[in-house]
Amino acid sequence: MSRTQWGSRLGFILASAGATVGLGSIWKFPYVTAMNGGGAFLLIYLLLTFTLGIALLMAEIAIGRAAACGAVSAFARLGSRRWKLVGYAGVLCGFLVFSFYSVVGGWTLGYLLRALDGRVMSNDPAALARLFGDYVSDPFESLLTHALFTGLTLLVVMCGVQKGIERAGKVLMPLLFLLMLGLIARSLTLPGAEAGVAALLTPDFSKVTPGMLVEALGLAFFSLSVGAGCMIAYGSYLGRDAKLAGAALWVTGLTTLTSVLAGLMIFPAIYAFGLDPQAGPGLTYMTMPVVFNHLPFGQGLAAAFFLLLLMAALTSSVSLLELVAVFPIDEWGVGRRKATLLICLLVFCAGVPAALSFGPLAGWKLFGRNVFELMDYTASNILLPLGGIGTACFAGWVIWPTMRAELKLPSALASGVRFIYCWAAPVLISLVLVYNI
(Lines give C-alpha, C1' and ligand atoms only; values in the text may rest on other atoms or scores of the structure.)
Protein backbone atom coordinates (compact mmCIF):
# COMPACT_ATOMS: atom_id res chain seq x y z
CA MET A 1 0.00 0.00 0.00
CA SER A 2 1.44 3.40 -1.01
CA ARG A 3 2.17 5.80 1.86
CA THR A 4 0.45 9.16 2.16
CA GLN A 5 2.70 12.12 1.31
CA TRP A 6 2.80 15.82 2.13
CA GLY A 7 1.06 17.95 -0.44
CA SER A 8 4.12 20.19 -0.86
CA ARG A 9 7.61 20.87 0.50
CA LEU A 10 6.28 24.09 2.08
CA GLY A 11 3.56 22.08 3.80
CA PHE A 12 6.17 19.72 5.24
CA ILE A 13 8.39 22.61 6.43
CA LEU A 14 5.51 24.49 8.08
CA ALA A 15 4.06 21.35 9.67
CA SER A 16 7.52 20.33 10.93
CA ALA A 17 8.21 23.86 12.17
CA GLY A 18 4.85 23.75 13.91
CA ALA A 19 5.90 20.50 15.55
CA THR A 20 9.22 21.96 16.70
CA VAL A 21 8.05 25.49 17.53
CA GLY A 22 4.93 24.92 19.61
CA LEU A 23 5.28 25.39 23.34
CA GLY A 24 8.92 24.34 23.28
CA SER A 25 9.86 27.74 21.85
CA ILE A 26 7.14 29.96 23.28
CA TRP A 27 6.42 28.36 26.65
CA LYS A 28 9.56 26.45 27.64
CA PHE A 29 12.40 28.46 26.10
CA PRO A 30 11.76 31.77 27.94
CA TYR A 31 11.45 30.30 31.42
CA VAL A 32 14.34 27.83 31.05
CA THR A 33 16.53 30.63 29.68
CA ALA A 34 15.49 32.95 32.50
CA MET A 35 16.26 30.31 35.12
CA ASN A 36 19.71 29.64 33.61
CA GLY A 37 21.13 33.14 33.41
CA GLY A 38 19.95 34.46 30.02
CA GLY A 39 22.57 35.33 27.39
CA ALA A 40 25.16 32.62 28.06
CA PHE A 41 22.48 29.95 28.05
CA LEU A 42 21.05 31.33 24.78
CA LEU A 43 24.46 31.16 23.10
CA ILE A 44 25.07 27.57 24.24
CA TYR A 45 21.54 26.56 23.19
CA LEU A 46 22.04 28.03 19.70
CA LEU A 47 25.44 26.34 19.34
CA LEU A 48 24.03 22.93 20.28
CA THR A 49 20.94 23.43 18.10
CA PHE A 50 22.90 24.25 14.94
CA THR A 51 25.39 21.39 15.41
CA LEU A 52 24.03 18.34 17.21
CA GLY A 53 20.40 19.39 16.87
CA ILE A 54 20.26 19.99 13.13
CA ALA A 55 22.41 16.91 12.42
CA LEU A 56 20.00 14.68 14.34
CA LEU A 57 17.01 16.39 12.75
CA MET A 58 18.42 15.54 9.30
CA ALA A 59 19.08 11.98 10.45
CA GLU A 60 15.52 11.45 11.66
CA ILE A 61 13.94 12.89 8.50
CA ALA A 62 16.29 10.84 6.30
CA ILE A 63 15.58 7.62 8.22
CA GLY A 64 11.85 8.22 7.92
CA ARG A 65 11.95 8.93 4.18
CA ALA A 66 14.27 6.01 3.42
CA ALA A 67 12.17 3.52 5.38
CA ALA A 68 8.73 5.06 4.64
CA CYS A 69 7.45 4.09 8.08
CA GLY A 70 7.45 5.16 11.73
CA ALA A 71 10.35 4.98 14.19
CA VAL A 72 10.11 1.37 15.42
CA SER A 73 9.61 -0.15 11.97
CA ALA A 74 12.21 2.17 10.38
CA PHE A 75 15.08 1.06 12.61
CA ALA A 76 14.24 -2.58 11.94
CA ARG A 77 13.75 -2.12 8.19
CA LEU A 78 16.99 -0.22 7.61
CA GLY A 79 19.06 -2.00 10.27
CA SER A 80 18.00 -5.07 12.19
CA ARG A 81 15.39 -6.08 14.74
CA ARG A 82 17.66 -5.25 17.67
CA TRP A 83 17.67 -1.61 16.58
CA LYS A 84 13.95 -1.58 17.27
CA LEU A 85 14.91 -0.81 20.88
CA VAL A 86 15.82 2.74 19.84
CA GLY A 87 12.42 3.12 18.21
CA TYR A 88 10.62 1.71 21.25
CA ALA A 89 12.48 4.15 23.52
CA GLY A 90 11.44 7.00 21.23
CA VAL A 91 7.79 5.99 21.24
CA LEU A 92 7.87 5.74 25.04
CA CYS A 93 9.48 9.19 25.24
CA GLY A 94 6.88 10.66 22.87
CA PHE A 95 4.09 9.15 24.93
CA LEU A 96 5.55 10.59 28.12
CA VAL A 97 6.05 14.06 26.60
CA PHE A 98 2.54 14.07 25.14
CA SER A 99 1.12 13.13 28.54
CA PHE A 100 2.47 16.19 30.37
CA TYR A 101 2.49 18.43 27.27
CA SER A 102 -1.27 18.07 26.92
CA VAL A 103 -1.57 19.45 30.45
CA VAL A 104 0.34 22.60 29.39
CA GLY A 105 -1.73 22.73 26.21
CA GLY A 106 -4.78 22.67 28.46
CA TRP A 107 -3.39 25.71 30.28
CA THR A 108 -3.45 27.66 26.99
CA LEU A 109 -7.10 26.68 26.58
CA GLY A 110 -7.87 27.77 30.14
CA TYR A 111 -6.13 31.09 29.62
CA LEU A 112 -7.97 31.66 26.36
CA LEU A 113 -11.21 31.47 28.36
CA ARG A 114 -9.74 33.83 31.00
CA ALA A 115 -8.77 36.30 28.28
CA LEU A 116 -12.28 36.21 26.82
CA ASP A 117 -13.90 37.02 30.17
CA GLY A 118 -11.21 39.55 31.16
CA ARG A 119 -9.76 37.78 34.19
CA VAL A 120 -6.20 37.99 32.85
CA MET A 121 -6.29 41.77 32.47
CA SER A 122 -4.21 42.99 35.42
CA ASN A 123 -1.11 45.04 36.21
CA ASP A 124 -0.52 43.28 39.49
CA PRO A 125 2.11 40.49 39.19
CA ALA A 126 1.01 39.03 42.53
CA ALA A 127 -2.60 38.84 41.36
CA LEU A 128 -1.55 37.16 38.11
CA ALA A 129 0.58 34.68 40.04
CA ARG A 130 -2.45 33.87 42.24
CA LEU A 131 -4.64 33.51 39.14
CA PHE A 132 -2.22 31.00 37.62
CA GLY A 133 -1.73 29.19 40.92
CA ASP A 134 -5.46 28.91 41.57
CA TYR A 135 -6.05 27.55 38.08
CA VAL A 136 -3.35 24.88 37.98
CA SER A 137 -4.14 23.77 41.54
CA ASP A 138 -7.84 23.27 40.77
CA PRO A 139 -8.09 19.54 40.01
CA PHE A 140 -11.41 19.76 38.15
CA GLU A 141 -10.41 22.54 35.75
CA SER A 142 -6.89 21.18 35.19
CA LEU A 143 -8.25 17.76 34.25
CA LEU A 144 -11.03 19.26 32.11
CA THR A 145 -8.69 21.40 29.99
CA HIS A 146 -6.20 18.50 29.79
CA ALA A 147 -8.98 16.33 28.37
CA LEU A 148 -10.19 19.00 25.94
CA PHE A 149 -6.71 19.65 24.58
CA THR A 150 -6.08 15.92 24.11
CA GLY A 151 -9.39 15.72 22.25
CA LEU A 152 -8.48 18.61 19.94
CA THR A 153 -5.20 16.89 19.08
CA LEU A 154 -7.12 13.72 18.33
CA LEU A 155 -9.40 15.54 15.88
CA VAL A 156 -6.50 17.01 13.88
CA VAL A 157 -4.60 13.71 13.55
CA MET A 158 -7.72 11.73 12.66
CA CYS A 159 -8.16 14.03 9.66
CA GLY A 160 -4.89 12.66 8.21
CA VAL A 161 -1.63 14.12 6.94
CA GLN A 162 -2.70 16.59 4.24
CA LYS A 163 -6.20 17.55 5.41
CA GLY A 164 -5.32 17.68 9.11
CA ILE A 165 -1.64 18.16 9.99
CA GLU A 166 -0.43 20.01 6.88
CA ARG A 167 -3.46 22.30 6.57
CA ALA A 168 -3.20 23.34 10.23
CA GLY A 169 0.51 24.19 9.89
CA LYS A 170 0.03 26.33 6.77
CA VAL A 171 -2.55 28.56 8.45
CA LEU A 172 -1.40 28.73 12.06
CA MET A 173 2.35 29.27 11.77
CA PRO A 174 2.23 32.52 9.73
CA LEU A 175 -0.46 33.93 12.06
CA LEU A 176 1.62 33.12 15.11
CA PHE A 177 4.70 34.88 13.71
CA LEU A 178 2.74 38.02 12.82
CA LEU A 179 1.20 38.32 16.27
CA MET A 180 4.53 37.71 17.98
CA LEU A 181 6.20 40.47 15.96
CA GLY A 182 3.47 42.91 16.97
CA LEU A 183 3.83 42.01 20.65
CA ILE A 184 7.63 42.32 20.47
CA ALA A 185 7.30 45.82 18.99
CA ARG A 186 5.21 46.84 22.01
CA SER A 187 7.36 44.99 24.54
CA LEU A 188 10.51 46.76 23.36
CA THR A 189 8.95 50.20 23.92
CA LEU A 190 8.15 49.54 27.60
CA PRO A 191 10.11 51.58 30.18
CA GLY A 192 13.06 49.48 31.35
CA ALA A 193 12.78 47.05 28.44
CA GLU A 194 16.47 47.45 27.60
CA ALA A 195 17.41 45.61 30.80
CA GLY A 196 15.39 42.61 29.65
CA VAL A 197 16.99 42.66 26.19
CA ALA A 198 20.44 42.83 27.81
CA ALA A 199 19.61 39.90 30.13
CA LEU A 200 18.55 37.81 27.13
CA LEU A 201 21.34 38.70 24.69
CA THR A 202 24.40 39.56 26.83
CA PRO A 203 26.40 36.43 27.76
CA ASP A 204 27.69 36.14 31.32
CA PHE A 205 29.95 33.09 31.19
CA SER A 206 30.43 33.13 34.95
CA LYS A 207 26.94 31.63 35.11
CA VAL A 208 27.87 28.61 32.97
CA THR A 209 27.60 25.39 34.98
CA PRO A 210 27.40 21.67 34.08
CA GLY A 211 23.70 21.87 34.93
CA MET A 212 23.24 24.67 32.40
CA LEU A 213 24.84 22.55 29.67
CA VAL A 214 22.46 19.72 30.50
CA GLU A 215 19.45 22.05 30.34
CA ALA A 216 20.65 23.59 27.05
CA LEU A 217 21.06 20.19 25.39
CA GLY A 218 17.71 19.01 26.72
CA LEU A 219 15.99 22.16 25.43
CA ALA A 220 17.72 21.89 22.02
CA PHE A 221 16.41 18.34 21.63
CA PHE A 222 12.97 19.20 23.04
CA SER A 223 12.49 22.27 20.84
CA LEU A 224 13.56 20.42 17.67
CA SER A 225 11.55 17.31 18.60
CA VAL A 226 14.60 15.07 18.01
CA GLY A 227 15.53 12.01 19.99
CA ALA A 228 12.04 10.55 20.15
CA GLY A 229 11.37 9.94 16.45
CA CYS A 230 8.69 12.54 15.69
CA MET A 231 10.60 13.63 12.61
CA ILE A 232 11.01 10.01 11.49
CA ALA A 233 7.22 9.82 11.29
CA TYR A 234 7.02 13.16 9.44
CA GLY A 235 9.94 12.23 7.17
CA SER A 236 8.15 9.03 6.15
CA TYR A 237 5.55 11.20 4.35
CA LEU A 238 8.19 13.27 2.48
CA GLY A 239 8.46 12.83 -1.29
CA ARG A 240 11.69 11.85 -3.05
CA ASP A 241 11.96 15.20 -4.86
CA ALA A 242 12.25 17.28 -1.67
CA LYS A 243 15.73 18.52 -0.69
CA LEU A 244 16.04 17.07 2.77
CA ALA A 245 19.01 19.06 4.13
CA GLY A 246 17.51 22.36 3.02
CA ALA A 247 14.17 21.50 4.62
CA ALA A 248 15.93 20.60 7.90
CA LEU A 249 17.78 23.93 7.84
CA TRP A 250 14.51 25.81 7.34
CA VAL A 251 12.86 23.96 10.22
CA THR A 252 15.82 24.61 12.54
CA GLY A 253 15.98 28.26 11.53
CA LEU A 254 12.27 28.84 12.11
CA THR A 255 12.45 27.08 15.47
CA THR A 256 15.38 29.07 16.81
CA LEU A 257 13.96 32.30 15.39
CA THR A 258 10.73 31.68 17.25
CA SER A 259 12.64 30.94 20.46
CA VAL A 260 14.56 34.22 20.24
CA LEU A 261 11.37 36.11 19.35
CA ALA A 262 9.63 34.57 22.36
CA GLY A 263 12.53 35.76 24.51
CA LEU A 264 12.27 39.28 23.06
CA MET A 265 8.54 39.20 23.72
CA ILE A 266 8.81 38.15 27.37
CA PHE A 267 12.18 39.31 28.78
CA PRO A 268 11.54 43.08 28.32
CA ALA A 269 8.19 42.72 30.10
CA ILE A 270 9.81 40.81 32.98
CA TYR A 271 12.18 43.69 33.72
CA ALA A 272 9.78 46.51 32.81
CA PHE A 273 7.16 45.35 35.32
CA GLY A 274 9.44 43.84 37.96
CA LEU A 275 8.26 40.27 37.41
CA ASP A 276 10.07 37.22 38.73
CA PRO A 277 12.31 35.63 36.03
CA GLN A 278 12.46 32.47 38.18
CA ALA A 279 8.68 31.93 37.90
CA GLY A 280 9.19 28.62 36.08
CA PRO A 281 6.57 26.96 33.84
CA GLY A 282 4.01 29.72 34.51
CA LEU A 283 6.24 32.57 33.31
CA THR A 284 4.51 33.17 29.95
CA TYR A 285 1.06 33.02 31.54
CA MET A 286 2.01 35.57 34.22
CA THR A 287 4.02 37.93 31.98
CA MET A 288 2.02 38.48 28.80
CA PRO A 289 -1.24 39.64 30.50
CA VAL A 290 0.67 42.63 31.94
CA VAL A 291 1.75 43.59 28.41
CA PHE A 292 -1.78 43.26 27.08
CA ASN A 293 -3.10 45.45 29.86
CA HIS A 294 -0.92 48.29 28.52
CA LEU A 295 -2.19 47.97 24.94
CA PRO A 296 -5.26 49.40 23.18
CA PHE A 297 -7.80 46.61 22.69
CA GLY A 298 -5.63 44.59 25.07
CA GLN A 299 -8.29 42.06 25.96
CA GLY A 300 -8.90 41.20 22.32
CA LEU A 301 -5.17 40.87 21.70
CA ALA A 302 -4.84 38.67 24.79
CA ALA A 303 -7.56 36.39 23.45
CA ALA A 304 -5.85 36.27 20.05
CA PHE A 305 -2.48 35.50 21.64
CA PHE A 306 -3.73 32.62 23.76
CA LEU A 307 -5.74 31.29 20.81
CA LEU A 308 -2.60 31.18 18.67
CA LEU A 309 -0.58 29.78 21.58
CA LEU A 310 -3.21 27.04 21.76
CA MET A 311 -2.80 26.44 18.04
CA ALA A 312 1.01 26.33 18.38
CA ALA A 313 0.64 23.81 21.18
CA LEU A 314 -1.62 21.74 18.94
CA THR A 315 0.88 21.62 16.07
CA SER A 316 3.44 20.14 18.48
CA SER A 317 1.07 17.72 20.19
CA VAL A 318 -0.06 16.53 16.76
CA SER A 319 3.52 15.44 15.98
CA LEU A 320 3.73 13.61 19.32
CA LEU A 321 0.46 11.80 18.71
CA GLU A 322 1.54 10.95 15.16
CA LEU A 323 4.81 9.51 16.51
CA VAL A 324 3.02 7.20 18.95
CA ALA A 325 0.01 6.35 16.79
CA VAL A 326 2.06 5.37 13.74
CA PHE A 327 3.55 2.52 15.81
CA PRO A 328 0.35 0.39 15.99
CA ILE A 329 -0.56 1.55 12.47
CA ASP A 330 2.71 0.28 10.96
CA GLU A 331 3.39 -2.68 13.25
CA TRP A 332 -0.06 -4.17 13.67
CA GLY A 333 -2.11 -2.69 10.83
CA VAL A 334 -4.47 -0.86 13.19
CA GLY A 335 -6.63 1.79 11.49
CA ARG A 336 -5.68 5.45 12.01
CA ARG A 337 -8.88 6.35 13.84
CA LYS A 338 -8.72 3.42 16.22
CA ALA A 339 -5.00 3.93 16.90
CA THR A 340 -5.25 7.66 17.61
CA LEU A 341 -8.31 7.21 19.81
CA LEU A 342 -6.61 4.51 21.90
CA ILE A 343 -3.39 6.52 22.31
CA CYS A 344 -5.30 9.64 23.36
CA LEU A 345 -7.21 7.71 26.02
CA LEU A 346 -3.94 6.34 27.41
CA VAL A 347 -2.30 9.78 27.25
CA PHE A 348 -5.14 11.35 29.19
CA CYS A 349 -4.83 8.73 31.93
CA ALA A 350 -1.03 9.10 32.10
CA GLY A 351 -1.37 12.90 32.21
CA VAL A 352 -3.72 12.92 35.19
CA PRO A 353 -0.88 12.84 37.79
CA ALA A 354 0.89 15.68 35.92
CA ALA A 355 -2.31 17.74 35.89
CA LEU A 356 -2.68 17.24 39.64
CA SER A 357 0.97 18.05 40.39
CA PHE A 358 0.21 21.63 41.36
CA GLY A 359 -2.88 20.73 43.40
CA PRO A 360 -3.73 17.52 45.27
CA LEU A 361 -0.36 15.91 44.41
CA ALA A 362 1.76 19.04 45.02
CA GLY A 363 3.31 17.51 48.13
CA TRP A 364 4.38 14.32 46.37
CA LYS A 365 7.97 14.75 45.19
CA LEU A 366 10.81 12.53 44.07
CA PHE A 367 14.37 13.90 43.81
CA GLY A 368 12.90 17.29 44.67
CA ARG A 369 10.52 17.31 41.68
CA ASN A 370 6.76 16.89 41.50
CA VAL A 371 5.22 14.47 38.99
CA PHE A 372 4.96 17.08 36.22
CA GLU A 373 8.58 18.19 36.65
CA LEU A 374 9.77 14.59 36.90
CA MET A 375 8.04 13.65 33.63
CA ASP A 376 9.50 16.70 31.90
CA TYR A 377 13.02 16.05 33.23
CA THR A 378 12.94 12.32 32.43
CA ALA A 379 11.82 12.95 28.85
CA SER A 380 13.93 16.04 28.06
CA ASN A 381 17.14 15.19 29.91
CA ILE A 382 17.28 11.38 29.83
CA LEU A 383 15.09 9.75 27.18
CA LEU A 384 15.63 12.34 24.43
CA PRO A 385 19.44 12.24 24.83
CA LEU A 386 19.33 8.41 24.84
CA GLY A 387 17.32 8.51 21.63
CA GLY A 388 19.80 11.01 20.21
CA ILE A 389 22.73 8.67 20.92
CA GLY A 390 20.93 5.72 19.33
CA THR A 391 19.88 7.70 16.25
CA ALA A 392 23.36 9.18 15.76
CA CYS A 393 25.12 5.82 16.04
CA PHE A 394 22.57 4.22 13.72
CA ALA A 395 22.99 6.97 11.12
CA GLY A 396 26.79 7.12 11.28
CA TRP A 397 27.83 3.51 11.80
CA VAL A 398 25.00 1.33 10.46
CA ILE A 399 23.33 3.05 7.49
CA TRP A 400 25.76 5.80 6.45
CA PRO A 401 25.55 4.99 2.69
CA THR A 402 21.76 5.37 2.90
CA MET A 403 22.11 8.58 4.91
CA ARG A 404 24.53 10.08 2.42
CA ALA A 405 22.25 9.23 -0.49
CA GLU A 406 19.29 10.83 1.30
CA LEU A 407 21.11 13.99 2.44
CA LYS A 408 23.01 14.64 -0.84
CA LEU A 409 25.62 16.78 0.91
CA PRO A 410 28.98 17.91 -0.58
CA SER A 411 31.84 15.59 0.38
CA ALA A 412 33.47 17.89 2.94
CA LEU A 413 30.17 18.66 4.65
CA ALA A 414 29.13 15.01 4.56
CA SER A 415 32.36 14.05 6.34
CA GLY A 416 31.65 16.61 9.06
CA VAL A 417 28.11 15.37 9.51
CA ARG A 418 29.29 11.77 9.75
CA PHE A 419 31.85 12.79 12.37
CA ILE A 420 28.98 14.27 14.42
CA TYR A 421 26.99 11.03 14.09
CA CYS A 422 29.87 8.68 14.85
CA TRP A 423 31.75 10.57 17.53
CA ALA A 424 30.72 14.09 18.55
CA ALA A 425 27.04 13.45 19.28
CA PRO A 426 27.45 10.10 21.11
CA VAL A 427 30.38 11.33 23.24
CA LEU A 428 28.94 14.73 24.19
CA ILE A 429 25.44 13.41 24.85
CA SER A 430 26.86 10.52 26.89
CA LEU A 431 28.75 12.99 29.09
CA VAL A 432 25.47 14.80 29.69
CA LEU A 433 23.75 11.55 30.61
CA VAL A 434 26.51 10.62 33.04
CA TYR A 435 26.15 14.02 34.66
CA ASN A 436 22.38 13.53 34.94
CA ILE A 437 22.75 10.14 36.56
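This is a predicted model: local features need pLDDT of at least 70, side-chain atom pairs count only at pLDDT 80 or more; totals for chains, interfaces and linings use all residues.
1. Glu60 belongs to helix α2, which covers residues 39-67. With a relative accessibility of 1%, Glu60 counts as buried, because the cut-off for that class is under 20%. Beyond its neighbours within four places in sequence, Glu60 contacts Ser225, Val226, Gly227, Ala228, Gly229, Cys230, Met231, Ile232 and Thr391.

2. Helices α3 and α15 each contribute at least two residues to its lining. By class, the lining residues of the second largest cavity are 5 nonpolar, 4 polar and 1 charged.

3. Helix α2 packs against helix α3 (residues 71-78) at an angle of about 75°, and the two axes are 9 Å apart. The pair is therefore roughly perpendicular. On the α2 side, Ile63, Ala66 and Ala67 take part in the contact, and they meet Ala74, Phe75, Arg77 and Leu78 of α3. This contact comprises 6 nonpolar residues, no polar residues and 1 charged residue.

4. The structure contains 2 cavities of 30 Å³ or more. The largest cavity holds about 140 Å³ of space. Its lining is made up of 17 residues, and those closest to its centre are Ala19, Val97, Phe222, Ser225 and Leu320. Two or more lining residues come from each of α1, α4 (84-116), α9 (210-224) and α13 (298-332). Helix α1 provides the largest share, with 4 residues. The lining of the largest cavity has 12 nonpolar and 5 polar residues, and no charged ones. Ser225, one of the residues closest to the centre of the largest cavity, is also a contact of Glu60.

5. Of its 15 lining residues, Tyr31, Glu215, Arg369, Glu373 and Asp376 lie nearest the centre. The elements giving two or more residues to this lining are α1 (9-35) and α15 (371-398). Helix α15 gives the most, with 6 residues. The class composition of the pocket lining is 6 nonpolar, 4 polar and 5 charged residues.

6. Helix α1 contributes to the largest cavity and to the second largest pocket. Helix α15 contributes to the second largest pocket and to the second largest cavity.

Definitions and conventions: Residues are numbered from 1 along each chain as its sequence is written. Side-chain values use heavy atoms; hydrogens and water are left out. Buried means under 20% relative accessible area, exposed over 50%, partly exposed in between (1.4 Å probe, protein chains only). Contact means heavy atoms within 4.5 Å. Axes are lines fitted to C-alpha atoms, for helices over the stretch in contact, and angles run from 0 to 180 degrees between N-to-C directions. Angles under 35 degrees count as roughly parallel, over 145 as roughly antiparallel, 65 to 115 as roughly perpendicular and the rest as oblique. Ala, Val, Leu, Ile, Met, Phe, Trp, Tyr, Cys and Pro count as nonpolar, Asp, Glu, Lys and Arg as charged, and the others, Gly among them, as polar. On a 1 Å grid over the protein atoms alone, a cavity is a set of points where a 1.4 Å probe fits but cannot get out, and a pocket is an open set with protein on both sides within 12 Å along at least five of seven lines; lining residues have an atom within 4 Å of a point. Grid points are joined across faces, edges and corners, and a volume is the space filled by probe spheres set on the points.
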